[in-house]
Amino acid sequence: MNERWILFKRNVTDFWRTFRRNKLGLIGAVLVLSAVLVAVFAPAFSPYKPTDVIRDENGRGLTFAPPSVHGPLGTDDAGRDVWTQLVYGARISIMVGFLAGFIAMFIGSLFGITAGYYGGSVDTLLMRITDILLVIPDLPLMLVLVATMRQMDLHISPLIVLVIVIGLLYWTSTARLIRSQVLTIKERQFVARARAIGAGHAHIIRKHILPQIMPLIVANTVLILSTAILVESGLAFLGLGDPTQPSWGTMLNFAFDRSAITNGAWWFYLPPGFAIVWVTLGCVLLGNVLEEMLNPRLTEHHLEGEQHMVSLPDAQSLSGSGSEAVS
Amino acid sequence: MNRRDYLLRKFGLSLVTILVVVIINFLLFRVLPGDPVRSVIGRNVRISAETQKALREQFGLDKPVFPDQFFDTLGQWARGNLGISWSLRRPVSEILISKLGNTLLLIGLGQILAIIFGVLLGLLAGWKRKTAIDVGALTFSLIAWAIPTFWLGIILLAAGSTWLGLPTGGIVSPANTGKPLHTVIPDLARHLILPTLTLTILYLGEYMLIMRSSILEVLSEDYILTAKAKGMSHWQVLRKHALKNAMLPIVTLIALNLGFTVSGAIYIETVFSYDGLGKLFQTALTKQDYPLLQGAFLLLAISVIVANMIADLLYTYLDPRIKAT
């Protein structure tokens with residue numbers, strides 16, 4: 001146990017040393033972490049509740065008040081504080097994104113490992129399923145699914161419906177990635193040795209395959225999170241979110257439907273979008289850097305550097321050196 | 001693999017995919033409360049019980065769901081009968097056809113522009129790797145990826161209408177509605193600028209990224225080194241040896257992108273109230289017009305699947321490596 005702890009600590013230190021040098025990854029980590037912190041401690045960032053109506057001295061609701069009149073980000077069409085909604089919206093957006101992302105990651109890893117490890121007809125079947133899912137246009141499929149599920153009186157929150165639908169559709173890329181990785185690991189010697197001494201499939205997968213692909217799964221999960229958050233915002237914008245628990249996408253749906261654009265209320269339609277970009281960009285930067293560190297690729301190509309491979313001496317220096325040689 | 005076997009396999013997979021879409025569509029329609037008779041009578045509840053019963057029998061709803069109802073429905077769909085829209089009270093297929101042209105115009109324009117600029121910028125970025133151009137191109141594609149489609153649309157809509165006086169929505173001005181589109185081209189063009197721009201910006205990044213990594217891969221091949229060793233200039237190497245080979249993945253991407261393009265059209269048409277399939281889809285969604293929703297889904301999904309198959313076919317002609325048996 002103690003030795004494993006030391007090994008783990010060394011791995012983490014190594015990882016941190018490489019990671020620290022990568023500026024983009026650091027930026028990504030800061031973007032993601034800050035958003036998560038805001039989401040977790042939302043009440044600490046605003047004195048209001050998202051449903052509170054801001055009123056002027058006469059007790060009338062301040063509708064579409066610009067930032068110069070109220071708060072850091074003004075008010076919406078009903079006089080509610082935009083900053084407060086943004087902060088509480090982080091909770092919904094990030095929670096839905098994370099839950100859906102984890103479901104997708106779980107299904108993708110399960111399918112990828114099973115397909116890659118067992119091969120044969122299991123592999124063919126699972127890969128055909130991913131092929132089929134890959135061609136069906138995802139947004140129309142999701143819209144039809146969500147619309148149907150909401151109509152079915154399942155008595156579950158619209159947010160859970162979103163989590164399920166997004167989670168069930170975005171695992172294909174993970175499955176493919178994991179599968180190809182498992183295919184190469186499976187052929188390595190330590191797996192052959194484990195098999196030779198009689199280790200079972202479950203043991204080999206748990207003790208030899210999983211630890212090898214775990215870093216890749218983590219990197220991929222971060223990338224999936226960005227997709228999930230982006231997709232959630234889109235579905236919510238089309239009116240499939242929960243109006244009582246508005247995410248950033250729902251805020252944009254409200255802003256668009258309640259003519260924030262024609263009213264010039266930029267403080268209502270710009271911030272939620274920036275928040276979405278903030279988190280998705282953070283996840284993409286972080287995920288790409290993690291993947292790059294775990295999966296190094298080529299660093300140079302043949303047309304980099306000088307135009308000519310051998311430096312050609314020009315006429316003057318040729319004759320110059322020639323005369324020198326003669327004298 | 002033999003080209004014929006390859007194509008047959010792709011064709012078979014496309015058929016299976018279409019079948020899956022059809023089954024999903026059929027099942028979703030069945031789990032909804034109420035039954036398809038509602039799609040005929042619409043929200044008209046005053047129809048007598050006898051008429052409803054007669055309608056049920058006419059639609060075979062007294063028969064078992066499988067196989068009778070399933071194959072009946074399949075036969076109806078195959079003949080282009082997708083039911084009657086609840087909200088618009090017209091045959092779904094008729095509505096879909098009337099909107100198809102507008103959507104094709106928008107996504108066609110957007111895709112062509114995105115491909116042209118994406119390929120050029122990707123080529124430049126890969127060739128001038130690690131320079132300011134490359135970093136700029138990568139940053140752009142990253143941000144384009146992270147921006148929600150509809151939000152970019154909203155920003156461009158707000159900016160374009162305030163500062164450039166461009167129309168805020170629709171496909172032509174109210175004065176020109178109903179006229180054939182080719183007679184009002186300048187007006188149509190003004191309405192197309194913002195939605196097309198949104199679509200182009202969004203898809204450009206992806207083409208650029210693929211072209212960049214594709215050109216990087218090609219430029220690391222030994223034949224590029226050989227060409228360079230023969231004393232060809234960079235530009236000659238790129239034009240004669242690299243470009244053609246690097247373009248191959250773009251063909252696949254165009255097909256794969258069709259699904260995303262359809263998603264993009266739904267968002268963009270919603271934001272710009274552009275009268276196409278995407279806007280129709282969104283309207284059907286908010287009005288809970290299920291026959292329309294199902295019909296639109298069927299049409300969009302099958303077109304994307306067929307387009308993918310065509311792209312696969314094209315690919316086998318373009319990539320000489322697939323010819324080898």
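Q: How many residues does the contact take from chain A and from chain B?
A: The contact takes 40 residues from chain A and 49 from chain B. Two residues are in contact if their C-beta atoms, placed from the backbone, lie within 7 Å. This is a predicted model: local features need pLDDT of at least 70, side-chain atom pairs count only at pLDDT 80 or more, and totals for chains, interfaces and linings use all residues. Residues are numbered from 1 along each chain as its sequence is written, while chains are lettered from A and ligands numbered from 1 in the order in which they are written.

Q: Switching to chain B. How many helices and strands?
A: 13 helices and zero strands. Those are DSSP runs, numbered from the N terminus: helices are H or I, at least four residues, and strands are E, at least two.

Q: At what angle do H7 and H10 of chain B pack?
A: About 30 degrees, with the axes 9 Å apart. Axes are lines fitted to C-alpha atoms, for helices over the stretch in contact, and angles run from 0 to 180 degrees between N-to-C directions. So H7(B) is roughly parallel to H10(B); angles under 35 degrees count as such.

Q: Which residues meet there?
A: Among them, B:Phe150 and B:Leu157 in H7(B), and B:Tyr267 and B:Ile268 in H10(B). By class, this contact has six nonpolar, four polar and no charged residues.

Technical notes: Parallel < 35°, antiparallel > 145°, perpendicular 65-115°, else oblique. Nonpolar A, V, L, I, M, F, W, Y, C, P; charged D, E, K, R; others polar.
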